[in-house]
Amino acid sequence: MLRHGQTDWSRTGRHTGRTDVPLTEAGEQAAAALAPHLAGHDFAWVACSPLQRARETARLVGLHPDEYLDDLLEWDYGQYEGRTTADIRQQSHAPDWVIWDAHIGPGDTPGEQPRDVAVRCQRVIDRCQPYLDDGHDVALIAHGHVLRILTATWLGLDPHAGRLFALETGTVSYLGFERTQRVIELWNAPGLPAGS
């Protein structure tokens, strides 16, 4: 799984769901630096969010998505889209507010609850499963919160457990198996130096 590189909104902590913002120059560099992690992997299937920050990350690492899946879109933050946690805490007089515990009401988009996102994530896992059953690797390029919820879903956890998996921009993570147990094999790894 690859989380896209930095955007201006991710750099400033704005909740970036469906707003289609581009990568920053630093985000492009961090995305390109992920390519060595993928060297030698022959992916049977590559799926990507249709948003430009994910698409550009795929291009920069040298992946050619087989499909662009709406199920890999970021969590729809509805009323919280574009807002920072600090701003929401100040305006709502709730110093402990976090997105994971909030009810997501509509804004410019309908909004989703974590369980809604988990349903999408399970569909992605179901699409991956035949390739995994045949011993092949797959690659997913998407966004922070959806990949965190996908990880919780992969592990059989409640979608809210995604809060436990901090995931920076421009990183790669591997999900896999230890025998038959679903596990995290690598988490939140930044790009490798040139020549690695």
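This report describes the sheet, the helices packed on it, the cysteines and selected backbone features of one predicted model.

## Basis of the description

The model is predicted: local features need pLDDT of at least 70 and side-chain atom pairs count only at pLDDT 80 or more, while totals for chains, interfaces and linings use all residues. Residues are numbered from 1 along each chain as its sequence is written, and side-chain values use heavy atoms, with hydrogens and water left out.

Helices (H or I, at least four residues) and strands (E, at least two) are DSSP runs, numbered from the N terminus.

Six strands make up an open sheet in the order 3-2-4-1-5-6, with mixed pairing; two strands pair if DSSP finds at least two bridges between them. Strand 3 (67-68) and strand 6 (181-190) stand at the edges with a single partner strand each, so one side of each has no neighbour in the sheet. In general, strands of a sheet pair through backbone hydrogen bonds, either parallel or antiparallel.

Both senses can be illustrated here. Strand 2 (residues 43-48) pairs with strand 4 (residues 137-142) in the parallel sense over 5 bridges, and Cys48 stands opposite Ile141 in strand 4. Strand 5 and strand 6 pair in the antiparallel sense over 7 bridges, with Phe177 opposite Arg182 in strand 6. Strand 5 and strand 6 form a hairpin with 2 residues between them, and Arg179 in the turn has a positive phi of about 60 degrees.

## Helices across the sheet

Helix 4 (residues 52-61) lies across strand 1 (2-3), strand 2, strand 3 and strand 4, and runs at about 135 degrees to strand 4. Helix 6 (residues 114-133) lies across strand 2, strand 3, strand 4, strand 5 (171-178) and strand 6, and runs at about 155 degrees to strand 4. Axes are lines fitted to C-alpha atoms, for helices over the stretch in contact, and angles run from 0 to 180 degrees between N-to-C directions. Contact means heavy atoms within 4.5 Å.

Gln129 is found in helix 6. With neighbours within four places in sequence left aside, Gln129 is in contact with Trp154, Phe177 and Arg182. Gln129 counts as buried, at 18% relative accessibility; buried means under 20% relative accessible area, exposed over 50%, and partly exposed in between (1.4 Å probe, protein chains only).

## Helix 6 against helix 7

Helix 6 and helix 7 (residues 144-154) pack at an angle of about 65 degrees, with their axes 8 Å apart. The two helices are therefore roughly perpendicular to each other, a label that applies from 65 to 115 degrees, whereas angles under 35 count as roughly parallel, over 145 as roughly antiparallel and the rest as oblique. Residues of helix 6 that meet helix 7 include Val117, Cys121, Val124 and Ile125, and among their counterparts in helix 7 are Val146, Ile149, Leu150 and Trp154.

All 11 of the 11 residues of helix 7 are buried, so this helix is largely enclosed by the rest of the structure. The buried residues of helix 7 pack against strand 1, helix 6, strand 4, strand 5 and strand 6. Helix 7 is followed by Gly156, whose phi is positive, near 80 degrees.

## Leu175 in strand 5

Leu175 belongs to strand 5 and counts as partly exposed, at 23% relative accessibility. Leu175 and Met1 are 174 residues apart in sequence, and their C-alpha atoms are 7.7 Å apart in space. Residues up to four places away in sequence not being counted, Leu175 touches Met1, Leu150, Thr151, Trp154, Val183, Ile184 and Trp187.

## Cysteines

The structure holds 0 disulfides, a disulfide being a pair of cysteine sulfur atoms within 2.5 Å. The sulfur of Cys48 is 13 Å from the closest cysteine sulfur, in Cys128, which is too far for a bond. Cys128 is likewise in no disulfide, and its nearest cysteine sulfur, that of Cys121, is 11 Å away. Cys48 counts as buried at 0% relative accessibility, and Cys128 counts as buried at 5%.

## Positive phi outside glycine

His93 has a positive phi of about 55 degrees although it is not a glycine. His93 lies in the loop between helix 5 (85-92) and helix 6 and is exposed, with a relative accessible area of 70%.

Asn188, also a residue other than glycine, has a positive phi near 60 degrees. Asn188 is found in strand 6 and is partly exposed, with a relative accessible area of 22%.
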